[in-house]
Amino acid sequence: MKHIQLITASLCACLLLGLTHAAAQPLPHSTPAVCGISARSLAKADSLINAAIREGRCPGAVLEVVRHGKVAYQKAYGHRQVYPDSKLMTVHTIFDMASCSKSLSTAICAMQLIEQGRLHTSDAVSRYIPGFQSWRQGTDSATITVMHLLTHTSGLPPYASVTALKAQYGSPNAAALMDYIAHCKRDFRPQSQFQYSCLNFITLQHIIEHVTGQNLRDYAAAHIFKPLGMRHTDYLPCRQQADGRWVSTDEPRWVKEGEAEGPTPIAPTEKQADGSVLLGQVHDPLARVMNGGISGNAGLFSNADDIAILCAALLNGGTWKGHRILQPSTVRLMTTVPKGFEKFGRTPGWDCSSPYASPKGSHTSARAYCHTGYTGTSVVVDPDNDLAIILLTNAVHPVDRTSVVKLRREVANAIEWSR
């Protein structure tokens, strides 16, 4: 009997291993024609991206178009690195996703907890962050809630001085940063204005960590990335040592799982004062310096294939290949502008119609949502057309002096599909 139990256990383990590997496969690839995407329009998108590279707006890019659960188009352009030497872009290149981390990780983690009843959008932030101050003006006051953080209507300032925080508290020091956010001056009464703020999502990170007892990196990996088979998505490809140096001793998950680093190179970002470039270190200063690489506002690294899996799951009501990360109703909640917030155009974690929503272009549906990252990344998801447009660049490499805002909109407008 014991022998039979051991055999059964071994078979179950093998089956589970097989399922894990099956889930880890990227989306199936098809052709633009089968997916109803115009090949002529994709050629126009190619031309726009190549023009941006020639004009120095970015060194290279990866474009991936997803439709009906398949990769309709995938292409790499230019170089992933041009300093100190040149290296060609590949479709597997891993990018610093910058503020796309807010949507692809932090918001989804928060929505999972909301779905489970462990967190509520109406909860006061002070319930989870002791001492977190509400908005006050004279005798008037208003409570800042989780929904205000998710929709950037909290009144928190957009950012904080990393130089001042580091000088006062040392770094990394996530607790000191959170204490600063808890007590800093609020810019307006919550839900009276929209102001995009990294401090909102750093606060959400601390709420998620308080509720789950895990850091954001571990929770997101266990509940989003690993279940969906997003093998090349992780925080902290590099870790900061006590002396402040960033080293590759803490390898990204895809290397730990036995994959050679060569097939999935990381695109560098900005050149530093000492002549080095950030490579595997998050570009955002608050995330890198104060939060040590794991941050609610930035810090996620990923590639187009992995993001395509996540987009397919969202388009499929929160599930992919039998792995559910959200219920359909929760996906709708996360991607719909809440009642009373219509004038701001933000959903809980995504952008629908705010001034930052230009990457959607003019042809996507009213229900389409998107997010961008400062480094040059962008993700557009259109549920009405079962479509996602993923455009990844490292436009801040080697120096931060260009913009791909126009390119994102142009590419979205170039792509045509059958209705």
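Here is a short chat about a helix, a sheet and some aromatic rings in a predicted model.

Q: What kind of model is this, and how are residues numbered?
A: This is a predicted model, where local features need pLDDT of at least 70, side-chain atom pairs count only at pLDDT 80 or more, and totals for chains, interfaces and linings use all residues. Residues are numbered from 1 along each chain as its sequence is written, and side-chain values use heavy atoms, with hydrogens and water left out.

Q: Where is the kink in H3 centred?
A: On Ala 107, with a kink of about 30°. The bend at a residue is the angle between axes fitted to the seven residues ending there and the seven starting there.

Q: And is H3 mostly covered or mostly uncovered?
A: Mostly covered, as 15 of its 16 residues are buried. Buried means under 20% relative accessible area, exposed means over 50%, and partly exposed is in between, using a 1.4 Å probe and protein chains only.

Q: Switching to the sheet: what order do its six strands take?
A: The order is S3-S2-S1-S15-S14-S13, in an open sheet with antiparallel pairing. Strands pair if DSSP finds at least two bridges between them. The edge strands are S3 (87–88) and S13 (369–373), each pairing on one side only.

Q: Which strands does H3 touch there?
A: H3 packs on the sheet, touching S13 and S14 (377–382); contact means heavy atoms within 4.5 Å. The direction of H3 makes about 115° with that of S13. Axes are lines fitted to C-alpha atoms, for helices over the stretch in contact, and angles run from 0 to 180 degrees between N-to-C directions.

Q: Now the rings. How many aromatic pairs are there?
A: Four. Rings of Phe, Tyr and Trp (its six-membered ring) pair if their centres lie within 6.5 Å; planes under 30 degrees apart are stacked, over 60 edge-to-face, and the rest tilted.

Methods:
Helix = DSSP H or I, 4+ residues; strand = E, 2+ residues; numbered from the N terminus.
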